[in-house]
There are 4 protein chains.
Amino acid sequence: MAGSTFGQVFRITTWGESHGRAVGVTVDGCPAGLPLREEDIQVYLDRRKPGQSRFTTARQEADQVELLSGVFEGRTTGTPISMMVWNKDQRSKDYSAIMDIYRPGHADYGFDAKYGFRDYRGGGRSSARETTARVAAGAVACRLLGRYGITVTAYTKQIGPVSVCPECFDLAERDRNRLYMPDPAAAARAEAFLEKRMEEMDSVGGVVECVIRGVPAGVGEPVFDKLDACLAKAVMSIGAVKGFEIGDGFGAAESCGSRNNDAFCTGEAGQICKKTNHSGGILGGISDGSDIILRAAFKPTPSIAREQQTVNRQGNPVAVSIHGRHDPTVVPRAVVVVEAMAAVTVADLLLRNRGSRV
Amino acid sequence: MAGSTFGQVFRITTWGESHGRAVGVTVDGCPAGLPLREEDIQVYLDRRKPGQSRFTTARQEADQVELLSGVFEGRTTGTPISMMVWNKDQRSKDYSAIMDIYRPGHADYGFDAKYGFRDYRGGGRSSARETTARVAAGAVACRLLGRYGITVTAYTKQIGPVSVCPECFDLAERDRNRLYMPDPAAAARAEAFLEKRMEEMDSVGGVVECVIRGVPAGVGEPVFDKLDACLAKAVMSIGAVKGFEIGDGFGAAESCGSRNNDAFCTGEAGQICKKTNHSGGILGGISDGSDIILRAAFKPTPSIAREQQTVNRQGNPVAVSIHGRHDPTVVPRAVVVVEAMAAVTVADLLLRNRGSRV
Amino acid sequence: MAGSTFGQVFRITTWGESHGRAVGVTVDGCPAGLPLREEDIQVYLDRRKPGQSRFTTARQEADQVELLSGVFEGRTTGTPISMMVWNKDQRSKDYSAIMDIYRPGHADYGFDAKYGFRDYRGGGRSSARETTARVAAGAVACRLLGRYGITVTAYTKQIGPVSVCPECFDLAERDRNRLYMPDPAAAARAEAFLEKRMEEMDSVGGVVECVIRGVPAGVGEPVFDKLDACLAKAVMSIGAVKGFEIGDGFGAAESCGSRNNDAFCTGEAGQICKKTNHSGGILGGISDGSDIILRAAFKPTPSIAREQQTVNRQGNPVAVSIHGRHDPTVVPRAVVVVEAMAAVTVADLLLRNRGSRV
Amino acid sequence: MAGSTFGQVFRITTWGESHGRAVGVTVDGCPAGLPLREEDIQVYLDRRKPGQSRFTTARQEADQVELLSGVFEGRTTGTPISMMVWNKDQRSKDYSAIMDIYRPGHADYGFDAKYGFRDYRGGGRSSARETTARVAAGAVACRLLGRYGITVTAYTKQIGPVSVCPECFDLAERDRNRLYMPDPAAAARAEAFLEKRMEEMDSVGGVVECVIRGVPAGVGEPVFDKLDACLAKAVMSIGAVKGFEIGDGFGAAESCGSRNNDAFCTGEAGQICKKTNHSGGILGGISDGSDIILRAAFKPTPSIAREQQTVNRQGNPVAVSIHGRHDPTVVPRAVVVVEAMAAVTVADLLLRNRGSRV
């Protein structure tokens with residue numbers, strides 16, 4: 001009910017707050033026999049690590065994962081895989097000034113309204129810190145998907161108004177710039193744009209795109225648990241996401257049927273495929289064998305140094321300037337989180353599909 | 001697993017295919033003591049009824065709901081509420097020509113890939129007919145929400161390129177035109193646009209917007225079951241939806257923090273509120289007390305009379321022209337379905353919130 | 001939450017009250033491709049039909065099942081299977097005298113305490129009528145299990161103090177007597193015992209035993225969803241069941257390890273098997289390949305004609321004599337219900353087991 | 001699916017194996033505002049600690065719980081409560097001799113059949129070590145129930161053939177003997193009986209009884225999630241449990257309605273109550289306001305030093321004598337585990353009941 005669990009067969013449960021002792025996740029339902037080591041998980045965590053550039057926070061999080069159960073002699077046993085990361089650098093004093101204040105764009109007020117009080121030292125469960133657990137679980141899901149030839153790849157599509165240009169798209173470039181943009185020219189423009197906003201003590205939003213390759217046709221359930229509906233929930237559950245699209249997305253609303261429909265055809269190996277991919281790889285909630293393409297819109301980081309008007313717990317007006325370690329945009333660090341949530345979702349529906357036929 | 005159930009506390013399970021004997025839904029978890037009659041449900045079903053204009057299909061579906069359980073002496077008893085509608089006008093002959101063909105934009109191929117065969121007489125569970133059950137459940141959810149002063153109102157925001165203009169917005173106009181657009185001038189332009197596409201044997205997409213008023217702050221769970229994540233899944237699970245937004249949505253990706261953050265303030269009654277509503281009523285996955293505003297992008301109806309190239313089950317190329325009773329756009333009939341899914345989601349999370357405090 | 005759903009992959013949701021319009025069930029998650037007709041379900045319903053002997057109620061329930069969805073051209077499609085039975089013989093006047101009274105041994109008081117009021121015309125959801133839906137679902141589960149060579153067979157083991165004697169056990173006899181006892185001599189003694197209790201306007205309890213053959217080793221989940229734990233819940237959820245045992249059950253509490261442990265051995269076909277079966281086919285919650293043997297203890301029917309002291313809704317003392325159509329023992333009619341719940345449970349865990357290995 | 005989660009609103013997820021690095025549990029859905037400290041949990045863990053007498057293993061498990069999340073300033077925050085205990089004394093060498101052997105009465109064979117291989121160092125997830133996590137979760141549940149005046153108390157009712165005599169019952173005696181028997185004379189006889197079995201290198205079963213006081217009428221759901229059905233699953237999911245009863249249990253099968261029905265009456269404070277409690281506090285799956293009384297039958301510890309015949313993984317016959325740290329009976333240490341599972345179940349259904357009325 002409290003919603004810290006995601007998935008049905010491949011099921012993850014996360015715990016931990018930004019300023020608590022640790023964060024962690026239990027993956028229940030990963031099939032037995034999958035090779036898995038701490039290093040496989042660590043490479044994913046390293047990708048979301050802050051402090052890698054001047055656009056990400058200076059906070060030093062070692063983020064060393066500990067794999068506590070569910071693996072024996074290098075393979076998963078079918079029992080729950082528990083992973084955790086200690087919170088080493090908590091510096092809770094930074095936050096004391098805002099203990100009673102409802103920060104604009106944050107969930108402070110919602111938490112108080114819901115629970116009667118809150119852990120005022122940071123975002124608690126709403127902190128980006130919580131995504132550490134998602135990424136660890138995503139690493140396991142990616143290993144599992146890899147076994148079936150499925151890959152999940154996300155990148156920064158847009159920072160504020162600066163977009164990757166389709167003709168310049170080069171995935172290899174993604175890991176060569178600090179913004180994870182697969183287009184070096186766009187990355188340079190985006191950096192300049194970000195610098196300017198930082199000078200103005202402001203923050204910026206953006207868009208992450210994710211491509212899932214190799215999902216066979218037939219994955220996803222026809223009604224409520226459509227593959228795209230589950231992906232939507234998975235991705236919208238990441239903090240700061242305000243929009244989700246599959247395939248042509250909002251563009252499809254302005255299209256017409258003769259253009260938006262993808263013609264089926266027969267591939268070289270005799271397999272059924274599609275001539276175009278407006279559908280983004282999903283029709284009627286079920287994978288159609290094409291690449292699955294989704295996009296998530298992130299709002300600007302709500303924590304900004306610029307002074308803002310708000311109220312405190314007592315309802316009195318106060319001004320607040322949020323100093324501390326905050327990224328001017330969450331987008332680059334969110335790339336691996338989107339991959340993680342997409343991977344967990346596909347892993348779950350892939351396993352669920354094993355029950356489709358006698 | 002098979003995903004015909006939605007919700008945790010207020011939980012709905014639907015069944016039935018477009019060309020089977022009936023469609024229906026069971027609502028389990030509706031609290032006891034809510035006044036409920038068949039007429040309360042029928043008014044919602046009537047709103048999705050086809051055959052109301054030349055933009056909706058001529059098929060005559062009586063769609064008379066039967067309330068079979070869970071109500072005694074006019075009030076819900078707390079036990080499952082079963083509702084069903086018989087399929088009276090099945091005309092399965094219409095569909096025999098496409099029995100073996102994978103219609104572009106449809107889930108035919110996905111169903112065969114998943115289950116090994118399919119009910120080829122129509123869309124089966126992927127038919128718009130399935131939404132009848134959602135609307136019946138939504139009617140119960142709306143009654144429940146009404147008890148707590150919560151209203152759910154959707155309308156057509158856009159048909160193809162024609163949008164409601166914000167200054168012209170007049171909700172009262174919604175029910176005065178066949179497209180459910182709260183702007184008579186836009187409705188007229190959209191009708192003209194639709195006529196033209198129909199002449200070309202083509203179809204059109206659009207956008208539905210939904211406003212949920214009166215949700216108290218504190219509803220929604222902080223991590224995976226965020227209120228917006230659950231709404232996203234609910235709405236994306238409606239056939240033909242390809243995108244979902246909350247508040248400023250994709251626009252937030254191009255905004256900056258100082259503009260996108262909503263300042264908290266104190267209202268006349270001393271209550272905490274917000275000066276703006278870029279958040280769309282949800283922060284960190286929890287309602288913030290403002291109106292909840294969401295949008296869903298619908299693709300154009302995939303069934304078009306124009307000839308399309310595709311393949312059949314054997315992988316051979318075939319041409320297909322889909323005649324029969326198909327709307328040139330699903331958007332007007334989808335308005336009440338979006339309301340239904342939004343209402344079911346909010347009802348569920350509202351009840352779940354009862355467990356938040358000792 | 002409201003608990004009208006059972007199972008995870010093979011998932012059933014029931015609805016309907018004894019004196020409402022109908023009772024029904026939706027089976028979601030039955031794999032596609034299973035041959036299934038209404039007749040397959042009807043044979044199971046006929047076995048729980050009342051009015052078959054003087055020990056079961058005179059009420060004439062036609063109990064003709066209607067199969068409304070999920071089957072196409074004689075095979076399951078993978079979509080929800082909806083089945084219902086109309087309530088034809090409701091005679092609600094019979095019950096008006098007890099409208100305000102809390103009948104001893106019934107859930108009347110609990111329903112009022114829980115929901116604030118209740119459908120006073122009969123047992124509502126607590127009526128034996130509700131088991132109709134379980135049996136219909138169980139029929140589908142049995143068909144599915146049959147596909148994998150698994151059979152589920154229950155019988156009356158004990159009526160009051162009269163037990164089947166192990167040496168006399170003859171399954172073929174079960175269907176030759178009205179008490180479903182696989183021992184004609186015991187059946188005759190039990191009939192005589194029942195007659196006497198009926199003369200005294202009293203009722204009798206008993207024990208049902210169920211044997212599940214052909215379950216391969218490896219079914220069941222190691223911790224909370226142990227096969228025996230799930231069977232226990234399934235069987236204890238049948239009205240009037242007060243005890244559950246697997247294998248030696250309570251007898252094991254008085255045994256010692258050297259006797260209770262079953263030695264593993266190698267069968268003629270080289271397969272691993274056990275020399276004895278004290279475990280009842282389940283070790284550590286996982287099937288061990290032997291027959292699964294369980295027992296359920298049923299309390300005496302609480303509705304008795306003899307006068308009883310109790311209170312009414314207002315807390316005032318009243319005397320009540322419950323006349324009408326009540327079996328002096330629920331055991332014979334419960335036999336097929338135990339089979340149904342056991343079959344649903346095994347079907348669910350068998351399908352869940354498909355996710356155990358990469 | 002993999003079944004490491006129990007409960008719906010108050011939901012626990014356990015992880016960890018006997019010879020892995022640690023065991024732990026996440027409690028999701030505990031309401032906010034409950035005072036909770038590590039010490040509150042430790043007292044429960046200390047009660048299941050081995051090495052307390054010569055009837056429990058010599059293994060020194062410090063079992064110091066670490067409370068990692070979900071508590072702030074001494075109160076629960078409504079977010080997941082993560083707790084773990086490191087495995088300090090693993091001594092995996094002890095188990096190497098049985099690496100390939102299917103121990104009688106253990107789940108070794110089932111694990112191999114299910115997952116293809118297993119962690120052969122000990123019982124893995126089937127070890128009694130796994131109950132540590134249950135007890136930690138149970139401690140939280142007991143704190144929550146205490147807030148509502150509900151207490152959960154279990155004790156050893158029977159060791160082999162030696163039972164507590166009803167007239168001698170004195171709960172205060174429970175904690176004064178090593179077998180947790182509320183009857184010193186029976187405890188002495190049981191100790192003598194155990195000594196003798198140990199000399200014979202054998203083991204013994206027994207019965208735990210549990211009384212839950214203070215549950216208001218109305219808790220439990222009417223159909224599948226009956227309070228007693230949920231308790232049955234909870235308790236049967238504890239390793240070695242082979243039988244479960246509520247109230248008169250199997251005794252009710254031999255009773256008659258006039259004796260088994262409990263007459264309702266009016267208490268001194270005007271409240272509705274029952275003159276007797278054959279029902280064990282639950283009617284139709286819903287609490288009736290009386291004490292809830294349940295019993296669990298435990299089989300003898302399967303690990304015995306006496307030589308047993310069995311087979312190994314290859315199907316070859318082998319003899320096995322299981323030496324090491326094994327209790328001759330699991331019953332005394334299981335007492336607190338039964339309490340824990342009962343408390344978790346009641347906490348869950350108590351919170352679920354908040355959704356019963358508008």
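User: Happy to look at this predicted model with you. How many salt bridges does a search of the whole structure find over all chains?

Analyst: The search covers the whole predicted structure. Taken over all chains, the number of salt bridges it finds is 124.

User: Let's take one that involves B:Arg313. Which residue is its salt-bridge partner, and how far apart are the closest N and O atoms?

Analyst: B:Arg313 sits in the loop between strand E17 (308-311) and strand E18 (317-320) of chain B, and its partner lies in helix H2 (residues 108-115) of that chain. The partner is B:Asp112, with the closest N and O atoms 2.4 Å apart.

User: Nice! Are B:Arg121 and B:Asp119 buried or exposed?

Analyst: The side chains of these two residues, B:Arg121 and B:Asp119, meet in a salt bridge with an N to O distance of 2.7 Å. As for their accessibility, both B:Arg121 and B:Asp119 are buried.

User: And over in chain D, why does D:Arg103 count as buried?

Analyst: D:Arg103 forms a salt bridge with D:Asp108, the closest N and O atoms being 2.8 Å apart. D:Asp108 is buried too, at 5% relative accessibility. The cut-off for buried is under 20%. D:Arg103 counts as buried because its relative accessibility is 4%.

Terms used. Residues numbered from 1 in each chain as written. Chains lettered and ligands numbered in written order. Predicted model: local features only at pLDDT ≥ 70, side-chain atom pairs only at ≥ 80, totals over all residues. Heavy atoms only, no water. Salt bridge = Lys/Arg side-chain N within 4 Å of Asp/Glu carboxyl O. Helix = DSSP H or I, 4+ residues; strand = E, 2+ residues; numbered from the N terminus. Buried < 20%, exposed > 50% of the residue type's maximum accessible area, 1.4 Å probe, protein only.
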